[in-house]
Amino acid sequence: MPEIKAYAPGIYPRSEELVQATRDLDRGRTTREAVERQRQKDLASLLRVQEEAGLDYLSDGLLAWQDIFRPFCEAARGLEPGPLTRFLNTNTFYRAPAPSGEPPALESPLGPPYFEAEELPRGRWVATLPSPHAMAAFASGKVDARELARRVLRPQIEWLAENGCALVVLQEAALFGGNVDLRPLAAALEELKGPLPLALQLPFGDAGEVLGELVELEVEAVGVDFYSTDVEALPRPFPKTLLAGVIDARNSLLEDPREVAKFGRALLEELEGELHLVPNGDLQFVPEGIARQKLARLGEAAKILKEER
Amino acid sequence: MAEIRFTTREIGSLSKPGWRVKSVVGRPLNDGDVEDARRWGERLGVEGHEELVELLGKGSGFTEEEKARIQDFAALYAIRLLESAGLDVVYDGEQRRSEMYDHAVKHARGFEARGTVRSFDNKYYTKAAVVERPKVEEAYDLEEYRFVREHTDRRVKVPFTGAYTIMDWSYDEHYAAGSGLLGAPAERRTEARRRFGIDVARDVVRPNVAGIVRAGADWIQIDEPAATTRPEEVPLVVEAFNATREGIEARASMHICFSDYDCLFPHIERLQDCYELQLEFANRDSRETGTKDGDRPGYAVLKRFAESEWDGKIGLGVIDIHTDFIEPPELVRDRILHASSVLGPERIEVNTDCGLRTRTWEVAFEKLRNMVEGTRLAEAALNGA
């Protein structure tokens with residue numbers, strides 16, 4: 001039987017207290033230190049919630065990230081935060097990576113507060129990075145995905161490997177809508193091979209059209225949003241580890257763990273790799289109180305399946 | 001040939017003065033807030049503004065009755081600002097509404113607040129979930145409309161948040177519940193969203209619109225900023241507009257902004273009796289004057305409207321609401337002249353890209369005044385003056 005795991009990659013929502021602190025900071029009513037203290041409280045709470053839910057990998061929730069690209073736009077030469085741009089079909093916006101002339105290159109790998117490696121259990125944590133292909137596709141000017149992979153993301157993945165990370169989830173949101181050429185993505189992924197297992201997750205969208213080709217890519221796992229993708233579109237048998245997006249991170253409706261387990265049970269019949277239960281994208285699209293309950297239900301669903309083995 | 005005359009109007013919102021915001025939420029006012037009320041009251045010639053200045057002098061601890069009076073003044077100031085700028089059509093700058101989504105769902109049964117989510121950076125918005133079939137029993141913007149009607153001689157256009165946007169910005173704990181959407185085919189998910197959207201159109205937006213039309217409103221505007229968020233659902237945007245409009249005896253427009261207008265084709269051909277689409281263009285355009293195609297990149301999509309079988313008017317966004325840049329009248333003129341050459345002047349009316357709520361009143365006033373002046377310049381050019 002395939003191995004079963006559960007975890008929650010991506011950006012986790014800020015608590016109401018952290019929301020207020022950041023609002024106050026923008027209005028000059030509090031200090032950066034006070035915001036940082038609240039962020040540390042949020043981090044401690046998130047780690048506790050994941051442990052209590054029995055999740056297999058922990059995430060630091062990317063609580064200091066303004067969006068999935070921003071830390072790299074600020075830390076890499078040759079990139080700047082560009083215009084505000086809508087993220088997929090959500091009411092949320094990111095600053096598009098904007099090339100500033102010279103070839104992009106990471107000055108030095110990101111550590112705290114962007115990756116809180118020291119707070120996470122060595123060998124049992126998951127990191128989330130933008131896919132180089134999505135980063136190039138969503139840039140406000142011409143950027144080469146392979147260069148981004150080699151000079152910006154690769155040094156970061158090496159740092160993650162040295163700091164106890166177990167798995168890197170690459171968020172790939174630029175493959176929807178049909179007629180996508182996967183060759184630039186495949187070439188970029190070649191540059192990232194080696195230091196850590198890679199999962200390519202397609203959040204908040206119908207992956208049906210490209211799934212057949214995705215399984216050919218040089219990644220250990222592929223992530224599918226099953227709130228946007230017909231399960232019938234899954235290639236069978238599925239030759240890789242499947243990150244099954246079974247918790248809807250865009251809806252406040254709480255999933256029934258038994259229903260999620262039932263869905264996972266059916267998937268297990270089709271898999272050659274492992275089954276990883278995950279949300280279908282960043283949990284930051286629901287308020288923190290709801291995200292916390294969703295994590296608990298994710299863990300519960302995985303527990304049901306594991307106990308059946 | 002009849003003389004060309006464009007109607008000018010704002011889209012909906014203006015920013016709320018500090019004295020209005022602080023007094024209503026219970027924060028103390030400072031001298032600057034009171035001075036602001038006095039200065040704008042004098043500048044706009046707001047009748048009775050001395051009463052407001054005296055009331056605000058209290059500084060804090062306003063009673064509910066006093067808060068209501070302050071809200072009335074905020075609406076009156078906004079009406080006078082739009083009139084003073086020279087607009088043909090006015091409203092109250094949505095001074096009584098908290099925010100376009102929140103205002104709509106908090107008046108409807110069937111929605112529950114769920115909390116705060118991030119829009120970008122440290123900016124957030126509140127979201128609600130639909131938990132049962134939504135409904136409003138009666139028009140909830142009636143008093144707001146009556147106040148405006150009683151305080152202006154200009155034509156009035158009433159903005160409403162559209163059904164599709166309310167649906168798209170809400171969580172769904174009702175239509176999606178129990179329908180097994182995990183791993184389901186697209187048709188089943190689409191059908192859940194369609195039922196939600198049409199119920200909101202018929203049972204939330206339409207009763208509000210109908211009540212205000214019964215009270216005398218003859219021009220309504222349905223705001224759908226989410227219209228092209230999911231291009232495959234533009235037919236549902238159209239269906240929701242038609243469902244909202246059903247049985248409403250008034251002119252109806254639809255405002256769509258910061259969207260991919262290419263997605264509207266050909267679906268807008270199915271809009272029923274939509275007087276105009278009020279759209280945002282200035283945000284995408286050059287700031288240089290000129291009327292040729294190459295001078296006006298922000299208006300390139302107008303050609304598609306010219307080719308479309310849909311033949312309603314275009315409410316031409318000529319003022320960028322995201323910047324403090326004050327568009328010179330000559331730039332406004334050239335945007336109108338260019339659009340007139342593509343569509344014909346009979347299909348053009350003039351407005352801002354969207355509500356000016358993110359600009360100060362000083363900037364908003366200057367922008368609107370130049371919009372009116374530029375419109376008059378365009379008319380003069382077209383009428384051969």
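## Salt bridges across the model

A search of the whole structure turns up 68 salt bridges over all chains, a salt bridge being a side-chain nitrogen of Lys or Arg within 4 Å of a carboxyl oxygen of Asp or Glu. Before we look at some of them, a word on the source: this is a predicted model, in which local features need pLDDT of at least 70 and side-chain atom pairs count only at pLDDT 80 or more, while totals for chains, interfaces and linings use all residues. Residues are numbered from 1 along each chain as its sequence is written, chains are lettered from A and ligands numbered from 1 in the order in which they are written, and side-chain values use heavy atoms, with hydrogens and water left out.

Side chains of opposite charge can pair when their charged atoms come close. In chain A, A:D256 and A:R258 form such a bridge, with N and O 2.9 Å apart. A:D256 is partly exposed at 25% relative accessibility, and A:R258 is exposed at 58%. For these words, buried means under 20% relative accessible area, exposed means over 50%, and partly exposed lies in between, using a 1.4 Å probe and protein chains only.

## Where chain B meets chain A

Let us turn to the interface of the chains. The contact draws 30 residues from chain B and 38 residues from chain A, where contact means heavy atoms within 4.5 Å. About 2900 Å² is buried between chain B and chain A, and carbon and sulfur atoms give 45% of that area. Buried area here is the accessible area (1.4 Å probe) that two parts lose on being put together, summed over both.

Two salt bridges are found across the interface. B:D121 and A:R70 meet in a salt bridge, at 2.6 Å from N to O. A:R70 also has a partner within chain A: its side chain meets that of A:D67 in a salt bridge of 2.8 Å, N to O, and both A:D67 and A:R70 are buried.

The interface of chain B and chain A also holds 18 residue pairs in polar contact, with both residues at pLDDT 80 or more. A polar contact is a pair of N or O atoms within 3.5 Å; within protein, one must be able to donate a hydrogen and the other to accept it, and residues adjacent in sequence count only if both atoms are side-chain atoms. On the chain B side, β3 (109–120), β4 (123–135) and β7 (171–172) each supply at least two residues. The largest share, seven residues, comes from β3(B). Helices (H or I, at least four residues) and strands (E, at least two) are DSSP runs, numbered from the N terminus.

## Two domains in chain B

Chain B is assigned domain 1 (8–16 + 95–384) and domain 2 (18–85); such bounds come from an automatic or database domain assignment. Taken over C-alpha atoms, the centres of the two domains of chain B are 28 Å apart. Their contact takes 18 residues from domain 1 and 22 residues from domain 2. The area buried between these domains is about 1800 Å², with 66% given by carbon and sulfur atoms. On the domain 1 side, B:Q95, B:W361 and B:F365 lose the most area to domain 2, together 33% of what that side buries.

Four salt bridges are counted between domain 1 and domain 2 of chain B. B:R43 forms a salt bridge with B:E366, their closest N and O atoms being 3.5 Å apart. In domain 1, α6 (142–150) and α12 (361–382) of chain B each supply at least two residues of the side that touches domain 2; α12(B) gives the largest share, seven residues.

Which residues of helix α6 (residues 183–192) of chain A are buried? They are A:L185, A:A188, A:L189, A:E191 and A:L192. Seen down the axis of α6(A), these buried residues fall within an arc of 150°, so they line one face of the helix; the arc is that of the directions from the helix axis to the C-beta atoms. They pack against α4 (132–137), α5 (145–162), β7 (165–171) and β8 (198–202) of chain A. After α6(A) comes A:G194, with a positive phi near 125°.

Strand β11 (residues 275–279) of chain A contains A:L277, which is buried, with a relative accessible area of 0%. A:L277 and A:A6 are 271 residues apart in sequence, yet 4.6 Å apart in space, C-alpha to C-alpha.
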